[in-house]
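Q: Please take a close look at a single part of this model. Walk me through it in one connected answer.

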Amino acid sequence: MAGGRQERVMLCALVGVIVACLAAPSAGESSGQKLVQVSVSAPWAAAPVVMEAAEFFSGDQESLFWPFAEALGSSSASGTDEEQFRAAEEATLAVASDSQVKVLRFAIALRDSSPRLELHRTTWASATAAGCSIADPAGAVAVVGGRCVTEASALREAVEKCSADGKEEHMAMHKGDRVYPSKASPPPVPVFLYATVGTQAFLSFHRELKKLSEEDAARYVFRHTWSGWRERAEGCTGG
């Protein structure tokens, strides 16, 4: 159990309940008395529920991120918010406990993962600087030694070529990057995957990169991306 995360989420939930209670009229107050309306907003960009749920598994729960992402399947990201929420609950039950599901519900409602997702959103600039793009809203792209790989089946060849060339033109790591567990030393060629969890593209790339990582052939680094973020970025730059 992630003690710190659970305590923080529960505390925020308790504050919300207290505010709601203070805002509600008591039984003895007249019905004509003005109600206090409370609105809470955050500066973070919107993100799919499945992405919020995936980032719930961080810190001392980080080992559960990868099995959770796999358990989301290949199409949960395309559902409505409610459908994504149910898929996240089912995936959590598959890899964790019922008590974790309860904490996850609060975390999603409070957008507890949004600050971490914001860091991932900003890393898309590194991919575009390398000349990468994703045409399919549910697609993915991997960056290997400055080269953009748009097909999972081409990953192994790209990694082998990069290793043979000895290219050192790799993107810098960022705080929040999800790195697949590996004991390889020295670290092999880094591969940066940009995708949305809960899509077929993510699963296809993930399976190939998981193999390469377990063979100590590549250092698998995952970064969340989403078509809504990319469209917003293109709109800001006029691209």
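A: Two residues are in contact if heavy atoms lie within 4.5 Å. This is a predicted model: local features need pLDDT of at least 70, side-chain atom pairs count only at pLDDT 80 or more, and totals for chains, interfaces and linings use all residues. Residues are numbered from 1 along each chain as its sequence is written, and side-chain values use heavy atoms, without hydrogens or water.

Start with the sheet. Helices (H or I, at least four residues) and strands (E, at least two) are DSSP runs, numbered from the N terminus. Strands pair if DSSP finds at least two bridges between them. The sheet is open, with five strands in the order 2-1-4-5-3 and mixed pairing. Strand 2 (147-149) and strand 3 (178-179) form the edges, each pairing on one side only. Strand 1 (residues 141-144) runs antiparallel to strand 4 (residues 189-195), and four bridges join them. Val-141 has Tyr-194 of strand 4 as its bridge partner.

Now the helix over it. Helix 9 (residues 200-214) lies across strand 1, strand 2, strand 4 and strand 5 (218-224), at about 150° to strand 5. Such angles run from 0 to 180 degrees between N-to-C directions, with axes fitted to C-alpha atoms, for helices over the stretch in contact.

Ser-213 sits in helix 9. Ser-213 is buried, because its relative accessible area is 2%; buried means under 20%, exposed over 50%, partly exposed in between (1.4 Å probe, protein chains only). Leaving aside residues up to four places away in sequence, Ser-213 touches Tyr-180, Pro-181, Ser-182, Ala-218 and Tyr-220.
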